[in-house]
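Me: I'd like to learn how to read a few features in a structure. Can we work through one together?

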Amino acid sequence: LVLWHVSHQEASLTRIGTGPWVVSAASINIDCGHGCEGRMGINWLYWSELNGDEVCIDASIYHKWAGPYGFCDKIGGTFDKGPQIRTIQAFVILTLIFSMFALCSGCSVRVSGSKGLNAASCCSLLTWLSAVVGFSMMVTSNNKWYTDLRSSTGTYIPVQRENGTITLFPASDYNFGPSFGMLVTIFILSVFAQCILHAGAFTFDSEMKDRNGNKYSYTAESGNFGEESPETDAKALNQT
């Protein structure tokens, strides 16, 4: 979830959040006293589930939420989640893909040598660039709905009831959720990783050659560790 809010009302605790793929996720915990606590489950409403028949026909939903934020072009029109949500989705996926490529490239150094470190460094660079774009789109003023959710003035968030109908829930003073924190954390880690991997690539081949000695060395011709070099073969013949 990119944004979420926790509110206490008498004996109940309500949590509502929104994210790149989730319009809203709502849960209610009820304190029934004497150490008893009940939970009314989590109602997930995904962007892929919304359509014009649900949010563009209802005049109340249109005027309070779908119309002002551009999710519907007109009453009874077509629903569209908008470019900001699609951009966030795309760069969250790219962040995860590039981070996996960086991990795989970094783990291949026994075979690829400094080439693997350089590849991991490049993927780490792409990782933190994707993360920057992702969480920047979450905080930009162009994303008006997210901005209004964080403001004290507030707005509305669609919530799916138990019977499947969609209603608007007042929302204000939302805080950044785990998805935002994940992207910021990935950005910080990938910046450090990119710098370390790039610096290590300059001396990796020579250090591995010195560490492994003459018997097992990195050969540029084969591109592999663990193969006997021509110099090792010559010394072995002279000793015999």
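**Rings and a serine**

Reply: Start with Trp-44, which is partly exposed at 38% relative accessible area. This is a predicted model: local features need pLDDT of at least 70, side-chain atom pairs need 80 or more, and totals for chains, interfaces and linings use all residues. Residues are numbered from 1 along each chain as its sequence is written, and side-chain values use heavy atoms, leaving out hydrogens and water.

Me: What do the exposure words mean?

Reply: Buried is under 20% relative accessible area, exposed is over 50%, and partly exposed lies in between (1.4 Å probe, protein chains only). Tyr-46, at 33%, is also partly exposed.

Me: How many aromatic pairs does the structure hold?

Reply: Rings of Phe, Tyr and Trp (its six-membered ring) pair if their centres lie within 6.5 Å; planes under 30 degrees apart are stacked, over 60 edge-to-face, the rest tilted. The structure holds 15 such pairs. Trp-44 and Tyr-46 form a stacked one, 6.3 Å centre to centre with 15° between the planes.

Me: Why is the pair of Trp-47 and Phe-79 stacked?

Reply: Because their planes are at 20°, with the ring centres 6.4 Å apart. Trp-47 is buried at 3%. Phe-79 is buried at 14%. Both belong to one aromatic cluster, which includes Trp-65 and Tyr-69.

Me: Is Ser-130 buried or exposed?

Reply: Ser-130 is buried, at 4%. Its side chain reaches the backbone oxygen of Leu-126 at 2.9 Å. Contact means heavy atoms within 4.5 Å. Not counting residues up to four places away in sequence, Ser-130 touches Phe-91, Leu-94, Thr-95 and Phe-98.

Conventions. A polar contact is a pair of N or O atoms within 3.5 Å; within protein, one must be able to donate a hydrogen and the other to accept it, and residues adjacent in sequence count only if both atoms are side-chain atoms.
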